[in-house]
Amino acid sequence: MTDTLKTSVAIQAIGPRGRRRPASGVRWGSPGVYLLAVILITICITPILYIIIGGFRTNSQITNDPSGWPAPWEIANYTNVLGSSEFWTAMVNSTISAVGTTLGAVILGIMASYVIARYDFGGKGIMYAFFAAGLMFPITVAITPLYLLIRNLGLVNSLGGIILPQIAFALPTTIIILVPFLRAIPKELEEAASIDGASRLGFFWRMVIPLSLPGVITVGILAFIGSWNGYMLPLFILNDSSLFTLPLGVQNFSSQYSVDTAKVLAYTSLSMLPALIFFSMFERRIVGGLTGAVKG
C-alpha cells in the first residue's frame, strides 16, 4: 500500500509526459518571450528616461556627452520651469480640456451605448457599425473640414473648439467598450426593477451605471489621456498663447529657448509626467475594463 502511494505521488510530480512539475505550481513561460518583453520595455522607457535625466543636466554636459549622466545634477532647470507662469497656464488649459472631454465622452457615450445595447429598433446595426467605423477615421484626415466647421460656429481660439471635436472622436471607443457591458446586464434585473416601480431612467441611473462602472472608468481614462496628449487639433484651433495646452506649450517653449536644450527637456518631462502618473495609477482599471468588454 505504501509503495503504491509513493508511485502515485511520483507520477503526479512528474506529469503525464514524463516532465517533472515545479513544486510551487508556477509555470514559467519561454525565456525568449521574457527577452522580447525586456527589449520592448527598454525601447519604450529609454527615450522617457533620457528626457527626464536630461533635464538635470546643463547644456555643456549635453554637448560634451549627450548620453552621459548629470555631473553634477542640476535642478535649476526644473525649478525655473515650475516657477514660470506659462507652464501652469498650459497645465490648467490641458486640465480643463481633458476633464471636459472626459465628462462629455462618458455621459454621451453611456447614453448612446445604453440605447444600442438594450433596445431593438430599425438601423441599430447600422448605427453601431457607424460608430465602429469611427475608430478607423483619424483626426488628421478631417482636420481641414473640422476647422471650417469650428470657425463657422465661432469657436476658433477657444477651449470649447477643442473639447467638442475631442468628444466626438472619443465616442467610438467609448461606445465599443460600453456596449458589451450594458448587454451583459440581465433583462430579469430590469424586469424586477420595473415591478418595484423603477422607471427606465431610474433603472439607468440606479442600476446600469453602477454595474457598468469598470467600463465607465476605462473609457474615462482613455478619453482623458487622449485629450491630454492631443496636439493636431489645438495646433489648428488655438492661436492665443494664453490658451495653449501642454503639447503646444512644449512647442512654444522650445521655440523660445531653442538654445537651452536642458531647460526644454525639463519642460517636456514635466509636461508628460501627469499623464504617465495618471495612467500608472489606473492601469489595472483599464485592463479590467477592457477584459470585461471582451467577455461581454
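Modeller: A crossing of two helices is called right-handed if the near helix is turned clockwise from the far one by less than a right angle, and left-handed if it is turned anticlockwise. By that convention, H5 passes H8 in a right-handed crossing. The model in which this is seen is a predicted one.

Sorted by class, the residues in the contact of H5 with H8 are 17 nonpolar, 8 polar and 2 charged.

A second pair may be set beside this one. Helix H9 (residues 187-195) and helix H10 (residues 200-211) have axes that come within 11 Å and cross at roughly 150°. Because angles over 145 degrees count as roughly antiparallel, H9 is roughly antiparallel to H10. The crossing of H9 and H10 is right-handed. On the H9 side, Leu189, Glu190 and Ala193 take part, and they meet Phe203, Met207 and Leu211 of H10. By class, this contact of H9 with H10 comprises 5 nonpolar residues, no polar ones and 1 charged residue.

A single residue gives another view of the chain. Leu265 lies in helix H14, which spans residues 261-281. Its relative accessible area is 14%, and since buried means under 20%, Leu265 is buried. Leaving aside residues up to four places away in sequence, Leu265 touches Ile51, Gly54, Gly55 and Ile62. Tyr78 is 187 residues from Leu265 along the chain, yet the C-alpha atoms of the two are separated by 9.2 Å.

Of the contacts in the chain with a separation of 6 or more, 71% are accounted for by residues 24 or more positions apart. Buried residues make up 34% of the 296 residues in the chain. The chain exposes about 17800 Å², of which carbon and sulfur atoms supply 68%.

Terms used. Residues numbered from 1 in each chain as written. Predicted model: local features only at pLDDT ≥ 70, side-chain atom pairs only at ≥ 80, totals over all residues. Heavy atoms only, no water. Helix = DSSP H or I, 4+ residues; strand = E, 2+ residues; numbered from the N terminus. Nonpolar A, V, L, I, M, F, W, Y, C, P; charged D, E, K, R; others polar. Buried < 20%, exposed > 50% of the residue type's maximum accessible area, 1.4 Å probe, protein only. Contact = heavy atoms within 4.5 Å. Areas by Shrake-Rupley, 256 points an atom, 1.4 Å probe, with all protein chains shown as cover. Axes fitted to C-alpha atoms, helices over the stretch in contact; angles between N-to-C directions. Parallel < 35°, antiparallel > 145°, perpendicular 65-115°, else oblique.
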